[in-house]
Amino acid sequence: MKAIKPMIVLFIAVAFVIIMIPAVLVLPFSNDKTSGQLTEQLEKKVKNEGKEVAANELSSVEVAVYRTSAKKIEKLPIESYLTGVVAAEMPADFEEEALKAQALTARTYIVNQLISESRLGLPDGADVSDTVMHQVYKNNDELKKQWGSDYKSKMQKINKAIKETAGQILTYEGKPITATFFSTSNGYTENSEDYWQADYPYLKSVSSPWDKEESPKFYNKVVVNAADFEKKLGVSLSSGTSIGTVIERTSGNRVGVVEIAGKKMTGKQIREKLGLTSSDFDWERQGNQIVITTKGSGHGVGMSQYGANGMAREGKTYEDIVKYYYKGVKVQSSNKWLNTMTAKK
């Protein structure tokens with residue numbers, strides 16, 4: 001037992017030293033005021049389809065909008081611009097997933113426009129106008145006037161759609177798409193080449209059965225004086241009730257070509273000359289008047305807004321919606337293009 005005691009003493013001494021040394025080392029600093037800390041300042045990131053986009057990159061790119069009525073240019077951050085576009089282009093009482101799909105198309109459009117060199121029809125310094133020539137845009141003052149007491153709730157809903165798709169755009173084979181959209185289909189969307197003579201592989205006709213039930217714009221009827229009808233189309237009508245023959249239809253079941261009194265015109269030409277809501281039309285003569293009935297509203301190419309809302313009501317996500325109306329596209333970060341635009345400044 002006596003032989004063991006020195007070993008115990010030695011063990012206690014070593015343990016005491018091990019415990020006390022760290023305390024001794026820290027003690028000289030314990031009363032000093034903190035003059036420097038290791039801080040952490042990370043950029044806030046926005047989740048994006050498994051990728052991330054820096055929030056400051058989203059706000060660093062400005063859009064110069066030409067306000068056509070005021071004849072002045074309004075500059076604002078890209079995401080603020082998108083709020084004004086989505087609010088102006090789609091009813092705020094639409095489903096959230098439909099609003100997100102609209103946010104995605106609007107962001108894709110403006111990114112495409114900003115990286116493009118084309119500024120045709122715009123004054124110097126402007127990137128886009130606030131009309132259907134580009135995308136309709138309204139600022140906060142205009143929206144407050146339009147929405148009145150509903151402004152706060154509707155703006156919150158729009159902002160949520162913008163935020164939850166922040167930085168996302170639609171691409172095809174690695175490039176931003178021409179993300180066209182319109183109000184209401186006639187039951188189908190249109191091939192791009194059938195309307196614009198530009199063949200985009202992702203803008204192909206698809207069935208859109210939701211529009212008929214969803215949209216108050218599905219049917220429309222207008223009455224045109226026979227003399228105005230002749231003048232606008234450059235034709236002479238016979239005295240009979242029959243007016244022309246549809247000799248061709250598009251993949252989207254719209255009027256492709258009509259022959260009237262020996263003259264051939266496309267459905268698009270007739271729509272534009274007569275100011276019709278759609279190129280899916282029918283008409284009949286009633287005395288000195290031509291009664292024209294149309295189905296759908298808009299050019300019919302790309303995403304149907306009322307169709308998108310119908311899909312959202314059925315539980316489809318915004319990604320489901322855009323990938324249905326734009327064939328073969330991907331939802332991708334806009335980081336690459338935003339960096340390019342920022343570098344140009």
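Two strands are said to pair if DSSP finds at least two bridges between them, and strands (E, at least two residues) and helices (H or I, at least four) are DSSP runs numbered from the N terminus. The model is predicted, so that local features need pLDDT of at least 70 and side-chain atom pairs count only at pLDDT 80 or more, while totals for chains, interfaces and linings use all residues. Residues are numbered from 1 along each chain as its sequence is written, and side-chain values use heavy atoms, with hydrogens and water left out.

**View 1. An open sheet of three strands.** The strands follow the order S4-S3-S5 with mixed pairing, and the edge strands, S4 (72-77) and S5 (128-129), each pair on one side only. Strand S3 (residues 62-67) runs parallel to S5 and is joined to S5 by two bridges, and Val65 has Val128 in S5 as its bridge partner.

**View 2. Surroundings of Tyr81.** Leaving aside neighbours within four places in sequence, Tyr81 is in contact (heavy atoms within 4.5 Å) with Val63, Val65, Leu76, Ile110, Val128, Gln135 and Tyr137.

**View 3. Helices H4 and H11.** The axes of H4 (residues 96-115) and H11 (residues 305-313) come within 7 Å and cross at roughly 135°, where axes are lines fitted to C-alpha atoms over the stretch in contact and angles run from 0 to 180 degrees between N-to-C directions. H4 and H11 are therefore oblique to each other, since angles under 35 degrees count as roughly parallel, over 145 as roughly antiparallel, 65 to 115 as roughly perpendicular and the rest as oblique. Glu97, Ala98 and Gln102 in H4 meet Gln305, Ala308, Asn309 and Ala312 in H11.
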